[in-house]
Amino acid sequence: NKYLKNTKHLVESNAYIPSDKTSTEQLDYMMNEDKNIIPKLKELYSYIMSNKNIEIYSSYYYYLQEFINGEQVRFHYINQNFNNIISLKTIKGRNFEDYDFIDSKSYIPILIGYNLKDSYDVGKIYDMFDSVTGYPIKCKVIGILEYNSSFISINYGVQDYLNNSIISPIKAKDISEMNDFSELDLSINNSIIITDNIENLRDIEKKSQNLNLFSINYIPLKD
């Protein structure tokens, strides 16, 4: 299994996950009082994503106001590195290609979980709403996933089934368009980082502290 082989390699490499130790008081200040919170979060996230000395594997999701078989539909975001290790297969259409992670189209390419196959057509563009930002987005279905497609959530170590999910690529341009606290929070605190130099991680932790943001402590994934 390509995914298990590659995730095993990830676990055995110098991979680290963020452990967020931010206090309740600090979170309250960030969410309700800091008038510059969005620019500061963007600065931190851009700082992480632009570091050429680290590899970043990102995956996070939020819930849509849509239900299938009594379960709420999830909208997943994954970056290119994460896509390269999960090996999703489609029963119709295609999987993501590298060019889907380059922001050059007027729509967002998406994969549809098996249980949603009767609600969405491959090749069709849908007007949707980002449930985090509330902004309208256009999404084009490029593929329908096999039944019980899944990946192991590396942060939590559980099998994450995608039957009731929509999957979208994280694109480079997205940072400039992120204007919601929760969206930026998810992006920053759901990224696995591989580096041979732990000082790269300490620099990110210091950057967050200097911006008066999260109290992040990166810990080895293998632990």
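The questions below go through strands, then helices, of this predicted model.

Me: What makes strand 10 (residues 165–169) largely enclosed by the rest of the structure?

Reply: A residue is called buried when its relative accessible area is under 20%. Five of the five residues of strand 10 fall in that class, so the strand is largely enclosed. Both faces are covered: S165, I167 and P169 point one way, I166 and S168 point the other way, and all are buried.

Me: How do you know that strand 5 (residues 108–112) pairs with strand 10?

Reply: Pairing requires at least two bridges. Strand 5 and strand 10 are joined by two, and they run antiparallel. I112 is opposite I166 of strand 10. Strand 3 (residues 71–78) is also joined to strand 10, by five bridges and in the parallel sense, with I78 standing opposite P169.

Me: Why is strand 7 (residues 136–145) called largely enclosed?

Reply: The cut-off is again under 20% relative accessible area. Seven of the 10 residues of strand 7 are buried, so the strand counts as largely enclosed by the rest of the structure.

Me: Which strands pair with strand 7, and in which sense?

Reply: Strand 4 (residues 90–93) pairs with strand 7 in the antiparallel sense over three bridges, and T90 has L145 as its bridge partner. Strand 5 runs parallel to strand 7, with five bridges between them; P109 is partnered there by K140. Strand 6 (residues 125–129) is antiparallel to strand 7, over five bridges, and M128 stands opposite I137.

Me: How do you know how helix 3 is oriented relative to helix 7 (residues 199–210)?

Reply: The two pack at an angle of about 170°, with axes 10 Å apart. An angle over 145 degrees counts as roughly antiparallel, and therefore helix 3 is roughly antiparallel to helix 7. E43, L44, Y47 and I48 of helix 3 meet D203, I204, K207 and S208 of helix 7. The residues of this contact comprise four nonpolar, one polar and three charged.

Me: Which residues of helix 6 (residues 181–189) are buried, and what do they pack against?

Reply: F181, E183, L184, S187, I188 and N189 are the buried ones. Their neighbours include strand 1 (15–20), helix 2 (24–32) and helix 3 (37–49).

How values were computed:
Residues numbered from 1 in each chain as written. Predicted model: local features only at pLDDT ≥ 70, side-chain atom pairs only at ≥ 80, totals over all residues. Heavy atoms only, no water. Buried < 20%, exposed > 50% of the residue type's maximum accessible area, 1.4 Å probe, protein only. Helix = DSSP H or I, 4+ residues; strand = E, 2+ residues; numbered from the N terminus. Contact = heavy atoms within 4.5 Å. Axes fitted to C-alpha atoms, helices over the stretch in contact; angles between N-to-C directions. Parallel < 35°, antiparallel > 145°, perpendicular 65-115°, else oblique. Nonpolar A, V, L, I, M, F, W, Y, C, P; charged D, E, K, R; others polar.
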